[in-house]
Amino acid sequence: MAFAASLSSPLHFRNPNPIFSPKPTRPATLRPLLAVPPSLASDVDSATIAAIGGGSVAALAAALSLADPERRRKLQAEEVGGGDKEVVKDYFNKSGFERWKKIYGETDDVNTVQRDIRLGHSKTVENVMKMLLDEGPLAGLTVCDAGCGTGCLAIPLAKEGAVVTASDISAAMVAEAEKQAREQLDLGKEGVILPKFEVSDLESLGGKYDTVVCLDVLIHYPQSKADGMIAHLASLAENRLLLSFAPKTLYYDILKRIGELFPGPSKATRAYLHSEADVERALKKVGWRIRKRGLTTTQFYFSRLVEAVPM
């Protein structure tokens, strides 16, 4: 998810070679592939896709020039009486909540794209847990899950004995996360504590934690605001900060622009890509360095994951 929510909006396009690697792969040429616009990723079926290839890039240029995604976003903001944050909050409390609840859940009522996004998301959560457990047991460790969505990370953290504070900009997501936690956690087991769930945007988060995790939320922040959010999250962490974001490369940026041609009926939130260099620069400005890196990709999901520690 996003903004102060969770992993809800990584960029979704088809990738012919799903991987998790320490370095991003970059195709030498833009070979034919199937690209699903992010705004359609939650609704699209196998017949509703945009086919592109290396020979069609020039032809797409004219169409891209006619697209006006900025105007669509301004209209969305006017409808809810605010900017990007208000749009995100409104979306994930309404239609976005039902859509992403299905994706994050276990229901079979999902299409091919949604199922693939679910797989990518679960891989990101698995990789986060591995990074954390590599340093030792989590029992008693304080963790802030900033943008918890439906609790996909908060719940496994609590199962490992971590003391979790989980927040999201969406009240609907927070309620669902707490419901899932109560159903899935064995609260009678020694060391297992129900996470503290609260409705909050990133800017309003406070406190101090051993570890802060913020997955796929930066996709709702332009880089000018992302720098401030990274600094704020780092100020809450004492030892580790884990971030995931949609990586900005020429290849992914082209696919994102193509996706903007298809706004879809769901009026999905605006997506911002971030280069790893920009994220690393923002961390260095506040005295943090990246210690571990990873890239999770499936056919329709791309997410860069970094673990940062104080210098």
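Residues are numbered from 1 along each chain as its sequence is written, and side-chain values use heavy atoms, with hydrogens and water left out. Because the model is predicted, local features need pLDDT of at least 70 and side-chain atom pairs count only at pLDDT 80 or more, while totals for chains, interfaces and linings use all residues.

View 1. A search of the whole structure finds zero disulfides (pairs of cysteine sulfur atoms within 2.5 Å). C214 is buried, with 0% relative accessibility, whereas C152 is partly exposed at 24% (buried is under 20% relative accessible area, exposed over 50%, partly exposed in between, with a 1.4 Å probe and protein chains only).

**View 2. Histidine H274 in its loop.** Look for H274 between α9 (250–259) and α10 (276–285) (helices are DSSP runs of H or I, at least four residues, numbered from the N terminus). H274 is buried, at 1% relative accessibility. Its side chain makes a polar contact of 2.6 Å with that of Q223 (a pair of N or O atoms within 3.5 Å, one able to donate a hydrogen and the other to accept it; residues adjacent in sequence count only if both atoms are side-chain atoms). A polar atom of the H274 side chain also lies 2.7 Å from the backbone oxygen of L218.

**View 3. Helix α4 meets helix α5.** Here R99, W100, K102, I103 and Y104 of α4 touch Q114, I117, R118 and H121 of α5 (contact means heavy atoms within 4.5 Å).

Definitions and conventions
Helices (H or I, at least four residues) and strands (E, at least two) are DSSP runs, numbered from the N terminus.
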